[in-house]
Amino acid sequence: MYHIPGEADVAAAISYVLSRYGTIRSQRGLARLVMKVLRNLDRDYRLSGVRVRQIALKHRVVRVTVETREAGGTELNIHCPVCGTLMQEIRNRTLDGKTVIIGYNCPACSYRSGSLPRRPQRYIFSPLQSIEPVGESGTG
Ligand SMILES: [Zn+2]
């Protein structure tokens, strides 16, 4: 029988891992390091990478950014690749009076994307206080 660690413990472990290792460019990598910390508390803890990311976002212990690639196709309901919240359409009116969707905006975490559906490729977790200019430009 395995145990599920509490959110507060996970959040504290994430915070500790980031303060020790700095930016981690992989959800799986972060989950592995967090599990190492948590297994000191309980050897039978189990934790998925997705849950680590969700708790990191909910408790705002780190900054989560995502690298995406084009998903192709069209979807009616686009969910935020960072936190999974249903995204809001950003509309613009054209000269001939039509409205077009120019992008999507996440109401929960302020992630923005262009109008084409994109799929998350890589999650990047960085300490809240660090400013990293690399990769911040060129978001479509
Ligand atoms: Zn979001």
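What is the order of the strands in the open sheet of 3 strands? The order is β2-β3-β4, with antiparallel pairing. The model is predicted: local features need pLDDT of at least 70, side-chain atom pairs count only at pLDDT 80 or more, and totals for chains, interfaces and linings use all residues. Residues are numbered from 1 along each chain as its sequence is written.

**Overall make-up**

- The protein chain holds 3 helices and 5 strands, where helices (H or I, at least four residues) and strands (E, at least two) are DSSP runs numbered from the N terminus.
- Read from the N terminus, the elements follow the pattern α-α-α-β-β-β-β-β.
- The protein chain has 140 residues, of which 26% count as buried; a residue is buried if 20 or more other C-beta atoms lie within 10 Å of its own, exposed if 12 or fewer, and partly exposed in between, with C-beta atoms placed from the backbone.
- Among contacts in the protein chain with a separation of 6 or more, 57% come from residues 24 or more positions apart; two residues are in contact if their C-beta atoms, placed from the backbone, lie within 7 Å.

**The sheet**

- In the open sheet of 3 strands with the order β2-β3-β4, the edge strands are β2 and β4, each pairing on one side only.
- From one strand to the next, the twist averages 40°.
- Strand β2 (residues 88-93) pairs with strand β3 (residues 99-105) in the antiparallel sense over 6 bridges; two strands pair if DSSP finds at least two bridges between them.
- Within that pairing, Glu89 stands opposite Tyr104 in β3.
- β3 also pairs with strand β4 (residues 112-114), again in the antiparallel sense, over 3 bridges.
- Gly103 lies opposite Gly114 in β4, and Asn105 has Arg112 in β4 as its bridge partner.
- In a regular strand the side chains alternate between the two faces of the sheet.

**Hairpins and positive phi**

- The hairpin of β2 and β3 has 5 residues between the strands, and Gly97 there takes a positive phi near 90°.
- The hairpin of β3 and β4 has 6 residues between the strands.
- Ser110 is in the loop between β3 and β4, and its phi is near 65°, a positive value in a residue other than glycine.
- Ser110 is exposed, with 10 other C-beta atoms within 10 Å.
- Arg60 is not a glycine either, yet has a positive phi of about 50°.
- Arg60 sits in the loop between α3 (49-59) and β1 (62-70), and is exposed, with 11 other C-beta atoms within 10 Å.
- Most residues other than glycine have a negative phi, and most peptide bonds are trans.

**Helix packing**

- Helix α1 (residues 7-21) packs against α3 at an angle of about 90°, with the axes 9 Å apart; axes are lines fitted to C-alpha atoms, for helices over the stretch in contact, and angles run from 0 to 180 degrees between N-to-C directions.
- That angle makes α1 roughly perpendicular to α3 (angles under 35 degrees count as roughly parallel, over 145 as roughly antiparallel, 65 to 115 as roughly perpendicular and the rest as oblique).
- On the α1 side the residues are Glu7, Val10, Ala11 and Ile14, and they meet Val52, Ile55, Ala56 and His59 in α3.
- The residues of the contact of α1 with α3 divide into 6 nonpolar, 1 polar and 1 charged; Ala, Val, Leu, Ile, Met, Phe, Trp, Tyr, Cys and Pro count as nonpolar, Asp, Glu, Lys and Arg as charged, and the others, Gly among them, as polar.
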